[in-house]
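My notes follow in the order I checked them.

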Amino acid sequence: MKILVINCGSSSIKYSLIDIESEETLVQGIVEKIGEEHSIFRQRVLGREVERRVKVRNHKDGLKLILDSLKSPSTGVIRDQSEISAVGHRVVHGGSDFVESTVIDDKVIETIRKYSSLAPLHNPPNLTGITILRELLPGIPHVAVFDTAFHQTMPEVAYLYPIPYEYYEKYGVRRYGFHGVSHRYVSHKAAEILRRDIRELKIITCHLGNGCSITAVDRGRSVDTSMGFTPLEGVPMGTRSGDIDPSIIQFLADVENLTLNEIYEILNKRSGLLGLSGVSNDVREIKKAADSGDHRAEIALEILAYRVKKYIGAYAAVMGGVDAIVFTAGIGENAHYIRSKICEGLEFLGVILDEDRNRNPAEWNGVISAENSRVKVLVVPTREDLIIAKETLEAVTKAEERRKT
Ligand code: ADP
């Protein structure tokens, strides 16, 4: 069974075709710079990458190009589009309405549209992708897989901001959380690796990629997460600040004569690891600079680790303990020195890292804590395309079962 996974952004479309039985990614690709003079179409089929410059006027052209390339006799992997059984659409914001991945109908589309005001950069292009692909691939289920859904189990005490309640009531100003599919997947996978029932575990998942978020998963349910109303809250990220005193916004507006939009641009695109180090948003570059004595680069990495550690402490307190800490995404999976710094000093919680294992997690089935560590520490690679495909299948199966009963 083949599932097409689509992540439709404002000027790009990422896609994968997944064989759900073998869990293999048959094709992965991206159409970038949609609407510009020279768009880029990049596709990897069975490890071979091809890149072309093409003119893609709009998302419809882009999606047609993707479907055609999947069927192309030279680079394609299917003979006919009827081989695609379902489409999984990544949707950033499902607000308070969606607690799980959902088969799309007109009502679902309306609800996603309702939340566009909360995610103005993401939900509208996500919807464009859904609308066009439902036309191009009719008769098969399309499923919305939400970044926010997994966190809908957060209690009020975790999701309400201490600001006038009316803003929550009137506009839905509350904490939503993101990266939900990743936190859900790696927490379940960790329980599986530990051969434990997730319903008896307290897990802290650290998704550290370009965007970073930490989640407290108590017996399989997200009870708190570091990203909030938008992905700007929480730990520092590649270019996002994470938590800061909101008064800084007014102060900078005054002293630098900046508009609110300019400040949000700074907090989203020029802060975090990039802003601190002045080198890059990429941990690999920053590490190189730090190793050659660049203080700002060194302190950027220290601050990332320090703030992640603070969240781990907070979430252990929230859950009344912790059984496992899980690292995932680009930094979490690859940067052993960041994992070391985060776990350093957490012995009081029962965390003891085994440095040899930390450097070769794959050889240890991802478990990098010492034998005598009460808290297990794991590295679990996240594969967003596969997770979305699995969630898609799960939603389709559930919908079919509901229809039968
Ligand atoms: P996204 O959030 O865009 O999916 P990823 O999860 O791929 O991002 O994470 C990208 C980030 O991971 C890079 O910017 C870089 O900081 C970090 N990263 C990737 N590979 C490595 C590596 N080998 N060592 C250290 N950091 C890495």
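How do the residues of the shell around the ligand divide into nonpolar, polar and charged? I am working from a predicted model. I get 5 nonpolar, 6 polar and 2 charged residues in that shell.

**Ligand shell**

I counted 13 residues around the ligand. Asn210, Asp282, Val283, Gly330 and Asn334 are the closest.

Next I looked for backbone contacts to ligand oxygen. Glycine 330 places a backbone N or O atom 2.9 Å from an oxygen atom of the ligand. For asparagine 210, I noted 3.1 Å between a backbone N or O atom and a ligand oxygen. A polar backbone atom of isoleucine 331 is 3.4 Å from an oxygen atom of the ligand.

Then I checked burial of the ligand. Its exposed area is 580 Å² when taken alone, and the protein buries 67% of that.

Which elements give two or more residues to the shell? I found α10 (283-291) and α12 (329-334). The most comes from α12, with 4 residues.

**Cysteines**

How many disulfides does the structure hold? I found 0.

Is cysteine 206 buried or exposed? I have cysteine 206 as buried, because its relative accessibility is 0%. Cysteine 8 has a relative accessible area of 2%, so I list cysteine 8 as buried too. The cut-off I used for buried is under 20%.

How values were computed
Residues are numbered from 1 along each chain as its sequence is written. This is a predicted model: local features need pLDDT of at least 70, side-chain atom pairs count only at pLDDT 80 or more; totals for chains, interfaces and linings use all residues. Side-chain values use heavy atoms; hydrogens and water are left out. A disulfide is a pair of cysteine sulfur atoms within 2.5 Å. Buried means under 20% relative accessible area, exposed over 50%, partly exposed in between (1.4 Å probe, protein chains only). A residue is near a molecule or strand if one of its heavy atoms lies within 4 Å of it. A polar contact is a pair of N or O atoms within 3.5 Å; within protein, one must be able to donate a hydrogen and the other to accept it, and residues adjacent in sequence count only if both atoms are side-chain atoms. Accessible areas come from the Shrake-Rupley method with a 1.4 Å probe; for residues, only the protein chains shown count as cover. Ala, Val, Leu, Ile, Met, Phe, Trp, Tyr, Cys and Pro count as nonpolar, Asp, Glu, Lys and Arg as charged, and the others, Gly among them, as polar.
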